[in-house]
Each structure stands twice: as C-alpha cells, then as structure tokens.
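Hi,

Here is the structure I promised to pass on.

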Amino acid sequence: MTSTVRVRAPGKVNLYLAVGPREPDGYHNLVTVFQAVDIFEEITARSAATLSLTMSGRGAGLPTDESNLAIRAARLLAEHAGVPARARLEIHKNVPVAGGMAGGSADAAGTLVALNRLWGLGLDPATLRNLGAELGADVPFCLMGGTAMGTGRGDVLTPVLSRGSYTWLVITQHEGLSTPRVFSHFDSRRHQPRRPVIDERFVRALAEGDTQYVGMNSRNDLAGPALCLHDGARQVYEAARSHLALPTIVSGSGPTIAVLCPDDDTALSLGEYICEHTVAESAFVAHGPVPGAHVVDES
Ligand code: C5P
C-alpha cells in the first residue's frame, strides 16, 4: 500500500491577460494564456491518523491552519470522495508567495494530485480540475500545465499549441501584492468595461514558435494597476526594460516581473544587474512550458 507520495506542481506566468468587467459574484471575466514554468512546489503526502501541514522554503512562516489552500484542497477532496481527511502534508515552496505566479494554487493542485494517489481514489484529471476550480481560479491550470487559454474566471481551460521553449528571468520582491487589491485598482481605473478578447495573430505566433512576437505582443491588463501599487515592481520593470530592451511582463497580478531572454547566460547577467541596481528580492532563471502537477515518486 502507498504510504508516501511526492508531487511537483508548477507556478505560471500569464503570456496574455485581458480583463473584462467585474461580475456580480465579484470575479472578472477574462481571457488569458497561461504558461507553466519550471519553478515547482514540492508536495509530499504521507499516511497519518489526522490531517496536518508543514511548510518550508518560501512557505516557512505561512499559516498552516484551515485557511491554507492545501488544507482546503485536502478537505474538499475527502468530502467529494467520502473518505476521512487523513494525511501529513509537507510543502516545500519555491514559487514566490503573493507574487502573481499562482503559488497557493500550485499547492492546492499538488495536494489534490498527491492525495488522489495516496488515498487510492483514482479520480480522473477533469474531476480534479472541477474540484480545483472550487478552490481558486488558477488551480485548474496548475493541474493541467503546459500552455492553455483560460476564459471565465480563468478556470475554463483549452490547451493551446505552443512550439518552442521560453527562457525567463523571474524577479521577485520582498513584499507581495494582494490579488483582490490589484483587481479593485483595475476597476477604479477603468472607464468603459469591455469584453476581453485575444488577438488571433498572438495565438498563431504561439503555435508557430514565434517567441519574439509573443514577447513583444504580450498583454496584461493588470500590469498598470500592479506597477502603480508596488514601487519595487515598477523600479524593476523600468530597469529591466531600459537595460537590455527585452520583452518584460508583470506575472499575473504581480509584483513578480518576468523578462523573456534569448538564453540562460543573458538572463543570468541581467539578473545580476537587476539585483545590483534595484530593490528586487531575488532573480532566477526559469523555463516554460512544463507539465502540470504530477507524481514524481511514491512508496
Ligand atoms: O480565485 P482566487 O481565489 O485565486 O482569486 C483571488 C481573488 O482575485 C478573487 O477573490 C477576486 O477578487 C480576484 N479575481 C477576480 N477575477 C478573476 C480571478 C480572480 O476578480 N477572474
């Protein structure tokens, strides 16, 4: 019988994010293109008599009580399957906290995959994604991975053909940003609510592997609000753009900034420059797309 399952779940960047008006449920209709990147949460689930959670890495010090999305994922899965919620969860966080890279969602996605295996439930990916959507808009994508278009809240997914590999310099901040706050700021700046759309040429560029076009035409409606709310992110964004003039994006609702680089060496030297000249917390190289939450080991 399986007593330990190890899972990796990726963070993401949004290559495209067009936001529409706020709906009555408080969420915004949007059109986004997610790309999963090789910054992984490592989730270990072990058999135990009760449900518990410990967090390390970037997660050290975060609440591990019932408010934690991983605990909520475990409870939801147990309830759905009609089994007792018993497991010891350990999450080593590598994805920035409150950084716009879906770290909390990756924790939830990884927990669903790990416990589905540990508890021998055999639920299919679509069922896990539906459960994930109850936990947060980005959870289904952290399960699916790769490159996908998200509509609705971002939780209605269609895989997108994407050729080629993307090399990113990912730059984090000491202080995170609250996603609801960024959306609220977006609402307060908006004059005329518009239906979110995606440019066909952008989707074609993804399929053709035209990474330059994708980088140069990336759109994020939350970038303005995020940069307005976060001085450090604005400083990094401006420094990155002016230093090498490479495509620079705000990841989701920020404040993490990602710079599309031609290769690892360019990314590393830009990272050194950024860390020396700005208030950035850290800068590291990441690649995408990569698979969604998956089991790496079990015993
Ligand atoms: O679904 P999740 O809990 O990750 O969303 C966090 C918050 O981000 C929501 O409570 C909402 O304020 C905002 N949000 C939104 N529209 C979306 C996704 C998120 O307004 N499509």
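**Around the ligand**

Two elements, strand E2 (28–46) and helix H5 (179–189), each give at least two residues to the shell around the ligand. Of these, H5 has the largest share of the shell, with three residues. Before you read on, please keep in mind that this is a predicted model.

If you want to click through the whole shell, the residues surrounding the ligand are Gly26, Tyr27, His28, Leu30, Gly136, Ala137, Arg153, Thr179, Pro180 and Phe183. As for where the ligand sits, the space it takes up is the largest pocket.

Which residue puts a polar side-chain atom 2.7 Å from an oxygen atom of the ligand? That is histidine 28. Glycine 26 uses its backbone instead, with a polar atom there 3.5 Å from a ligand oxygen. Taken alone, the ligand would expose 460 Å², and the protein buries 76% of that.

Most peptide bonds are trans, and most residues other than glycine have a negative phi.

- The bond from glycine 254 to proline 255 is cis, with omega near 5 degrees. You will find proline 255 in the loop that links strand E9 (248–250) and strand E10 (257–261).
- Another cis bond runs from glycine 288 to proline 289, where omega is near 0 degrees. Proline 289 belongs to the loop between strand E11 (282–288) and strand E12 (294–298).
- Alanine 98 is not a glycine, yet its phi is positive, at about 50 degrees. Look for alanine 98 in the loop between strand E4 (87–93) and helix H2 (103–118).

That's what I have for now.

Cheers

How values were computed: Residues numbered from 1 in each chain as written. Predicted model: local features only at pLDDT ≥ 70, side-chain atom pairs only at ≥ 80, totals over all residues. Heavy atoms only, no water. Near = heavy atom within 4 Å. Polar contact = N/O pair within 3.5 Å; in protein donor to acceptor, adjacent residues only side chain to side chain. Areas by Shrake-Rupley, 256 points an atom, 1.4 Å probe, with all protein chains shown as cover. 1 Å grid on protein atoms, 1.4 Å probe; cavity = no way out; pocket = protein on both sides within 12 Å on 5 of 7 lines; lining within 4 Å. Sits in = over half its atoms within 2 Å of the grid points. Helix = DSSP H or I, 4+ residues; strand = E, 2+ residues; numbered from the N terminus.
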